[in-house]
Amino acid sequence: MCTATGGFLRSGSALLWFCVFFVVNCRGKLVTYTQMPAPQEPHRGDHIQPAATAEGGNGTDQLYPFFDYYVPRNITTTIGQSAFLHCRAENLNDKSVSWMRKRDLHILTAGVLTYTSDQRFQVIHPDNSDNWTLLIKFAQPRDAGIYECQVNTEPKMSLAFQLNVVEMRARICGPQELYVKEDSEVSMRCELSQGPHDLGTIFWYLGNVPVYTDQTSLQSVRQPRVSVHTEWADGLKSTLHIARAKLTDSGNYTCMPTFGQSATINVHVVNGEHPAAMQHGNRSAVSGQMTVHVLALFSLVIMMSNPVLFGH
């Protein structure tokens, strides 16, 4: 006949009691059933082991890997600049981090190794760091898209990053053709909107020759004939000012930013009559010639339609 015995055991911790029942079956084997009571609130001063573990162990294992979600994940860069995608993965233990390009599922890096022939791609990982930064040098429009930072857990962990590659373009205020009188003043203003990176500066060219300010005039009391003023407020702005314009100042002026597309303006320095008046005079002459032609044609039509009137 089978019998059952039972008893209560107290663990080394003051938090848990175990109710253990020993049942001896008919074959003489000992079967043990252990029942744990409902969890109780810990007392002050008790040490609590971590509950979530990487291997589901007894609480002494490392925590499961996780991402830092407070890093920028919508990144914008300009053409020709470097793009940095910062991924922070903690508690990796024996796991590794890789970067994948989403559009073609190409693994770019795994650990600190690079798996692409495109040398613009590189992973930056300082020793004993949780940071795994994907560096893309000289970014091009084709580089735009989604990149995933992955950890080879089961199931796989991934964090998506959106890369935007934009083109910065300079703009010269006003018309693209500028007419000025000789010995008058002329100003050209070039602007570049605020971008994701340092905007650098703006260089001016007349044709293919850089425009240099009059250093001698800068050191003298009188105003320099050619000067450039650049400011970095609400974007990048550069003004080229020419005092007492000469005929040799005519030409194609280009403002070329350090980063971004350039802009051009064509300047005509004329001697004598203002171009607007010249153009107006030309239009008047052309208008007068057209009037004469119309009257002659009208007279010819009348003559042909009324030959008797003109004695034919």
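Guide: Happy to. Keep in mind that this is a predicted model. The protein chain has 312 residues, with two helices and 22 strands.

Visitor: What makes Cys-87 and Cys-149 a disulfide?

Guide: The cut-off is a pair of cysteine sulfurs within 2.5 Å. Here the S to S distance is 2.1 Å, so Cys-87 and Cys-149 qualify.

Visitor: Why is that disulfide of Cys-87 and Cys-149 called left-handed?

Guide: That comes from the torsion about the S-S bond: it is about -75°, so the link of Cys-87 and Cys-149 gets the left-handed label. Cys-87 sits in strand S6 (residues 83-90) and Cys-149 in strand S12 (residues 145-151), so the bond links distant parts of the chain, 62 residues apart.

Visitor: How do you know whether Cys-87 and Cys-149 are buried or exposed?

Guide: Buried means under 20% relative accessible area. Cys-87 comes in at 2%, so that one counts as buried. Cys-149 has 0%, so the same label applies to Cys-149.

Visitor: How many disulfides does the structure hold?

Guide: Two. Besides the pair above, Cys-190 and Cys-255 form a disulfide, with their sulfur atoms 2.1 Å apart. Their S-S bond has a torsion of 55°, and this link is right-handed. Cys-190 belongs to strand S16 (residues 186-192) and Cys-255 to strand S21 (residues 251-257), so the pair ties together parts 65 residues apart in sequence.

Visitor: And what makes Cys-190 and Cys-255 buried?

Guide: Against the limit of under 20%, Cys-190 has a relative accessible area of 0% and is therefore buried. Cys-255, at 0% as well, also counts as buried.

Visitor: What is the pairing if you number the bonded cysteines in sequence order?

Guide: It reads 1-2, 3-4.

Visitor: Why is Cys-173 too far from Cys-190 for a bond?

Guide: The closest cysteine sulfur to that of Cys-173 is in Cys-190, 8.1 Å away. A disulfide needs sulfurs within 2.5 Å, so Cys-173 is too far off for a bond.

Visitor: Why does Cys-173 count as partly exposed?

Guide: Because its relative accessibility is 29%. Buried is under 20% and exposed is over 50%, with partly exposed in between.

Visitor: What about strand S19 and strand S20: what makes them a pair?

Guide: Again at least two bridges are needed. Strand S19 (residues 226-231) and strand S20 (residues 236-242) run antiparallel and are joined by six. Val-228 stands opposite Leu-240 in S20. The hairpin of S19 and S20 has four residues between the strands, and Asp-234 there takes a positive phi near 55°.

Visitor: And how much of the protein chain is buried?

Guide: Buried residues make up 28%. The accessible surface of the protein chain comes to about 20600 Å², of which 56% belongs to carbon and sulfur atoms.

Methods: Residues are numbered from 1 along each chain as its sequence is written. This is a predicted model: local features need pLDDT of at least 70, side-chain atom pairs count only at pLDDT 80 or more; totals for chains, interfaces and linings use all residues. Side-chain values use heavy atoms; hydrogens and water are left out. Buried means under 20% relative accessible area, exposed over 50%, partly exposed in between (1.4 Å probe, protein chains only). Accessible areas come from the Shrake-Rupley method with a 1.4 Å probe; for residues, only the protein chains shown count as cover.
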